[in-house]
Amino acid sequence: MSFPPGFLWGSATAAHQVEGNNIASDFWAFEHTANSIFSEPSGDACDHYRLFRQDIALLAELGLNSYRFSIEWARIEPEDGLVSRAALAHYREVLEACHEARVTPVVTLHHFTSPRWLTALGSWDSPETPERFAAYSRTVMTELGDLIPYACTINEANISRVIRLILGDDGPRSVQQAPVGLGTGGAGAAEPAAHAFFSRKSFLTTYNENAFDVVTRAHQAARQAIREVSPDTKVGITLAVQDVQPLPGEEKTAQRVWAEQFEDFLPAIVEDDFLGVQNYSRIRVGPDGMAPLPEGAEVTQMGNEFYPQALENVLRRAASAGLPMIVTENGIATDDDTRRIDFTRLALEGVERAIADGVDVRGYLHWSFLDNFEWMHGYTPTFGLVGVDRATQRRTVKDSARHLGEIARRNALR
Ligand code: BGC
C-alpha cells in the first residue's frame, strides 16, 4: 500500500506557540496578568519569527513536503485599522521559503490568538467579529494569496464545545482569575470584560449560541472574502474531532456529543474545499459526560489516553461531511520519542486503511514540528518532532522526525 500521489506529508505549528513576542495579542496580555492561568509566559518561544528559514529548510531536509503554520492577526493588524506592511512582508518571506524548499504551505488565519484590540469589541462574542475577521482575511489573501494553496480560516472552531465536555458546564475554573485590563472591565475586574480565548465559561468562545453563530459566520465571511481575492486557494476550517465512544448503554449521549462537536458545524462548512481534521485521542462518554480513562491506560504528558487508533475512527466518521480531508493535527506530548514513533505509525496505519476503503484523505500534518508553547501548560509538554533548547534556540532532530520523513519520501509506510 502507498498513499495517493501528491499526499501532503508535513508538520504543523501555530504563530503564538513558536514565533515569540506576540505582544499585540490577547494571549500575551493574559500571560502577563497577575494570577495568570499560564504556568509561564510565551516570551521568545522558539524564536521562529527570526529562525523560520532554517526551520523550513530542516523540515524539507527531513523529507516532508508540507508545512502548516499560522499567520498572526495581531501582527498584521496590531491596532484596529492599522495594517502592518512589515508583517505582511515577513509572511511573504515565510511563504517564499516554503516554495523555495518545495514545501506546500497550509496557512491558518486564526489559531486561537486574536489582536488585543478585538477584546474591547467583545472578541469572539461580538456580532462585529465576523466582519473584522473577514476584512483581515481579505487583506492577507489579497497580498499573499498567490503563495497560499490552502487556507484554514479558524483553528478548532468547535473547541469551546469540546472543552465544555471535558470540563463540565462551569468551564475552566481558573479563567475566573483572568481579568485583563483590555475591555471595559478594566484591570483587576472580577471577570474579563470581553471573551477572548478564555473567558468565564469558554475557550475561544462562550458556550452560548451567539458565540457559535459568531464563529460560524466568521468562517463563512472569511471564505467568501478569500474566494473573491484568491480564487485558486482552497479554503477550509479545522475542527477538533474527538473519537467519541459511548460507554455501554450511552449511545444516545455519545450521539448528542458528536452532533454538538461535529454535525452542528456542517451547514457552515458544506461549501468548503476541504476539512482539517485534528485528533489526539478518544473520549468515552458516560451518563455524566466524559468518563474517566480506562484503568491502567497509558497517559500522555497532557493527560490524554495513548490511543492512536482514534484518528482512523474519526476520519471514517467525519467523511460524512463529504469533503476531502487533511489531517491538520495529530500527535502526542511525550518525552519518550519511541512512543511518538509508535503513535505516529499506528495512527498512519489507520489512515492507510481508511484511504484503502475510499475515505478521501489528502494529507497528514503532524503536531508539532517543534517543542513549543503549549498554552497554559507552558513549555513542559513536548509535542515536537524536533527538540528546542530555548536557552540557545538550538534544534535537535528526534528519531520520530526521521521516521516521518522516511515515510514521506516513500509515500508509503513500509
Ligand atoms: C491546538 C494546538 C495545541 C495542540 C496540543 C490543538 O488543540 O490546535 O495549538 O498545541 O492541540 O494540545
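The exercises below, each with a worked solution, concern the strands and helices of a predicted model.

Residues are numbered from 1 along each chain as its sequence is written, and side-chain values use heavy atoms, with hydrogens and water left out. Because the model is predicted, local features need pLDDT of at least 70 and side-chain atom pairs count only at pLDDT 80 or more, while totals for chains, interfaces and linings use all residues.

**Exercise 1. The barrel**

Determine which strands make up the closed barrel and how they pair.

Solution. Begin with the elements themselves: helices (H or I, at least four residues) and strands (E, at least two) are DSSP runs numbered from the N terminus, and two strands pair if DSSP finds at least two bridges between them. On that basis a closed barrel of 8 strands runs S1-S2-S3-S4-S7-S9-S12-S13, with parallel pairing. From one strand to the next the twist averages 25 degrees, where angles run from 0 to 180 degrees between N-to-C directions and axes are lines fitted to C-alpha atoms, for helices over the stretch in contact. As a detail, strand S9 (residues 274-279) and strand S12 (residues 325-330) run parallel and are joined by 5 bridges, with Gly276 having Ile326 in S12 as its bridge partner.

**Exercise 2. The open sheet**

Find the strands at the edges of the open sheet, and explain why one side of each lacks a neighbour.

Solution. The order of the 3 strands in this open sheet is S8-S10-S11, and the pairing is mixed. Strand S8 (243-246) and strand S11 (289-290) stand at the edges, and because each has a single partner strand, one side of each is left without a neighbour in the sheet. Next, strand S10 (residues 282-286) pairs with S11 in the antiparallel sense over 2 bridges, and Gly286 stands opposite Gly289 in S11. Finally, helix H12 (residues 310-318) packs on the sheet, touching S8 and S10, and its direction makes about 95 degrees with that of S8.

**Exercise 3. Two packed helices**

Describe how helix H3 (residues 48-61) and helix H5 (residues 85-100) are arranged, starting from their axes.

Solution. The two axes come within 9 Å and cross at roughly 10 degrees. H3 and H5 are therefore roughly parallel to each other, a label given to angles under 35 degrees, whereas those over 145 count as roughly antiparallel, 65 to 115 as roughly perpendicular and the rest as oblique. With contact taken as heavy atoms within 4.5 Å, Tyr49, Phe52, Arg53 and Ile56 in H3 meet residues of H5 including His90, Tyr91 and Val94. Just after H5, Arg102 takes a positive phi of about 60 degrees.

**Exercise 4. The setting of Ile237**

Solution. Ile237 lies in strand S7 (residues 234-240). Although Ile237 and Ala157 are 80 residues apart along the chain, their C-alpha atoms are separated by 7.4 Å.
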